[in-house]
Amino acid sequence: MPTKAITPAVLAVPRRNLGELALRVRVSGVLAFLLIIGAIFSLRSSQFLTPQNLGVIASNAAILAVVAAAQAVVLITRNVDVSVGSMMGFSAYLTCDFAARHQNAGAELILMALAIGLFLGTVNGWLVAYGRVSSLIATLATMSLYRGFTYLYAHGQEVTSNRLPRWMLRSVDLRIAGVPMLVVICVLVVLVAAVFLRHYPLGRRIYAVGSNPVASLFYGLRPHRIILLAYALSGLLCGFAGLLYAARIGTVTVVLASGWEMSSLAAAVIGGVSVAGGSGTVIGAALGALVLACVDNGLVLLGLPEFWRMFIQGSSIVAAAAVDVFIGFGLRKSLQGRRLGRSAG
Amino acid sequence: MNRASLWRPTPWEVSLVVLTIAAGAWSVSLSPYYLNVDQIAYSTRQFIIPGLLALGLMVVVVLGEIDISLASTLAVGSVLLAKCSAHHLPVFMAVPIAVGVCSLLGALNGFLVAQLRLPSLAVTLGTMGAYRGLAFIIGSEMGYTDFDDSYLFLGSERLFGDVVPVSFLLFLGAALATGFIMHRTVFGRRCFSVGHNRDAAWFAGIDVQRLKIQAFALAGAFAALAALVWIGQYGSARGDNADGTILFVVTAVVLGGVDINGGRGTVPGVVLALFLLGTIRNGMGLANIPGPTQTVVLGSLLVVGVLHPALSSAVHRVRRFLRSPTKASRTTVPAP
């Protein structure tokens, strides 16, 4: 039969692209959702679409996007990191305290924040990868440990903005062609992370470990090492985000960025990063952060109380995770159908 | 079944008892006020609320799942009780309402986990925020303090010459009931077998999904009981009740020797871990150790608790290495 010879060649193309297609649908779904809520808010409130307000939303989303990217890297390996907020707080406090003592400190502050974040992330990664502790429990423990150490170090003090170096506060407020510097930095960081995950072998290995740890082990990867790397990367990004956040709000308290574990997870999951590992993109997570920032801003403009935010954030995690399951279910079904040759006709 | 097999303590449980006694001795040396019946009875207040949550969480963890939304479920329960009290409902009607709603919230978690096959961590992290928001939506941002005395009885009264808190008796009753359910009934047996090997349990004819929903609902019901104790102890209800308690609860369950991957653990272990944590917390409080230090100690204990299997296997490997140096070079295949 002539059709039999043709079928494999015909099938090979869609089958290879099916996963990518699903992801593209998912990410464009996030974009569509963003447009819909944007339309609703701009209809209900005249202030929503002003350039000033959009700038505020972008600034609010920027730092969350970096943290969501950090969370996404860990989620892709089938783990979770609930200590992101504490890592941000820890590195921000230590760095800013150092800056307050050494007024003429320059770029080494950035290195310091990165190093602290990297160290904290490595501890997390070691616990999860080599201590064989479930990722939630390990990072729940380090979440309280890092926050506790910040408290102990701070002795109830806070670093006020007049004690911070001028350049730190000024640089985030700079504008390049009307776009806040903060947004530019964060977009760059997210893009670098995205390129790393998408095009570098090490990045692909992170996906491989997340999508099937056993297969990746048999393939010759070392899953433990890659999970450690993912956590270290997450710590690095969180350390940087902590410094940016401190520079943005000026006054560094011990509770800085507490509760960000929820927001970052919500952003990543809304942006299509699967909690079951192996799928999702950093760009998607950043879009998720933009969605959350829009919702926050819109709720404030509409005058709804603060706790609605918690409810919406929590429900959206569950809803987005459920959507992912249904997409995965449909994908599996259609793949199965192809294997049986049903969809060939 | 002979009496001796009623409860045979595991080595882990024995070490928990020893540690509790050591912590008690340490507390005595720290503070002259420690060794006092009234003080010790009062100190049980420290762990009864997280203890009730831990009993519920233990059932869920044995199944190989986790529920970190329990503290938020507690908040919904306490706000509901406040609403009932504001509408002058008698307590015997209010409690079933709160227990019912909280078990429904638990069952919703269970449904999402079991039926949709979502990871329990993502689900309960989401519902942790959603239920906390729900509690605020029901009760608004204002706290409610105007409770009828009948609502406060469980959490605040003491019996037997004004010594033993009623809430402590409630906790003991709940612990005995959970111990009976987990170690003496078919339901408990099934929980352990599902946690141990889900697929094998399914092939053996166990309705895994229904079992999971039931376990999550049970945990929700325990959260409602904890809410009842909460309003008795603090006399107030607000949406942010018990915020941050979940660390203590998870620590107690893990330190109690319950395997976080499911299938292993005992109720007496969890209860002993609660006594240990309660003693440590009480001692630190009497010694004027500030809250952040207590959090650090708690977090370290959690790490030690979860690293326990890894540490003991490391010790085992070192021992084997010392016994036969030639065989030590063979490495174990890492479990992904």
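## Helices, loops and the chain contact in a predicted model

Me: In this predicted model, where is Ser31(B) found, and is Ser31(B) buried, partly exposed or exposed?
Reply: Ser31(B) sits in the loop that joins H1 to helix H2 (37-43) of chain B. A residue needs 20 or more C-beta neighbours within 10 Å to be buried and 12 or fewer to be exposed. Ser31(B) has 17 C-beta neighbours inside 10 Å, and therefore counts as partly exposed.

Me: Which residues does Ser31(B) touch, leaving aside residues up to four places away in sequence?
Reply: Phe248(B), at 217 residues from Ser31(B) in sequence, lies 24 Å away from Ser31(B) in space, taken from C-alpha to C-alpha. Once residues up to four places away in sequence are set aside, the residues that Ser31(B) touches are Leu286(B) and Ala287(B).

Me: How are helix H1 (residues 11-30) and helix H13 (residues 267-286) of chain B oriented to each other?
Reply: The axes of H1(B) and H13(B) come within 9 Å and cross at roughly 15°. Angles under 35 degrees count as roughly parallel, which is why H1(B) is described relative to H13(B) as roughly parallel.

Me: How many nonpolar residues does the contact of H1(B) with H13(B) have?
Reply: H1(B) contributes residues including Trp12(B), Leu16(B), Ala23(B) and Leu30(B), while those from H13(B) include Pro268(B), Leu272(B), Phe275(B) and Leu286(B). By class, the contact of H1(B) with H13(B) has one charged residue and seven polar ones, and its nonpolar residues number 14.

Me: How do helix H3 (residues 45-62) and helix H12 (residues 246-255) of chain B lie to each other, and what is the hand of their crossing?
Reply: The axes of H3(B) and H12(B) come within 9 Å and cross at roughly 55°. H3(B) and H12(B) are therefore oblique to each other, and the hand of their crossing is right-handed.

Me: Which residues of H12(B) make the contact with H3(B)?
Reply: By class, the contact of H3(B) with H12(B) has ten nonpolar residues, with no polar and no charged residues. From H3(B) come Pro50(B), Leu53(B), Ala54(B), Leu57(B), Met58(B) and Val61(B), and the residues from H12(B) are Phe248(B), Val249(B), Ala252(B) and Val253(B).

Me: How many residues of helix H4 (residues 70-86) of chain B are buried?
Reply: H4(B) has 17 residues and reaches 24 Å from its first C-alpha to its last, close to the 24 Å expected at 1.5 Å a residue. H4(B) is mostly covered, and of its 17 residues the number that are buried is 15.

Me: What is the phi of Arg117(B)?
Reply: Arg117(B) lies in the loop between H5 and helix H6 (120-139) of chain B, and counts as exposed because it has 12 C-beta neighbours inside 10 Å. Although Arg117(B) is not a glycine, its phi is positive, at about 60°.

Me: How many charged residues are on the side of chain A that touches chain B?
Reply: In this contact, 40 residues of chain A meet 41 residues of chain B. Among the helices of chain A that each supply at least two residues of that side are helix H5 (135-154), helix H10 (223-249) and helix H13 (307-339). The residues of the side of chain A that touches chain B divide into 30 nonpolar and eight polar, with the charged residues numbering two.

Methods:
Residues numbered from 1 in each chain as written. Chains lettered and ligands numbered in written order. Predicted model: local features only at pLDDT ≥ 70, side-chain atom pairs only at ≥ 80, totals over all residues. Helix = DSSP H or I, 4+ residues; strand = E, 2+ residues; numbered from the N terminus. Expected span 1.5 Å × (residues − 1). Axes fitted to C-alpha atoms, helices over the stretch in contact; angles between N-to-C directions. Parallel < 35°, antiparallel > 145°, perpendicular 65-115°, else oblique. Contact = placed C-beta atoms within 7 Å. Nonpolar A, V, L, I, M, F, W, Y, C, P; charged D, E, K, R; others polar. Left-handed = near helix turned anticlockwise from the far one by under 90°.
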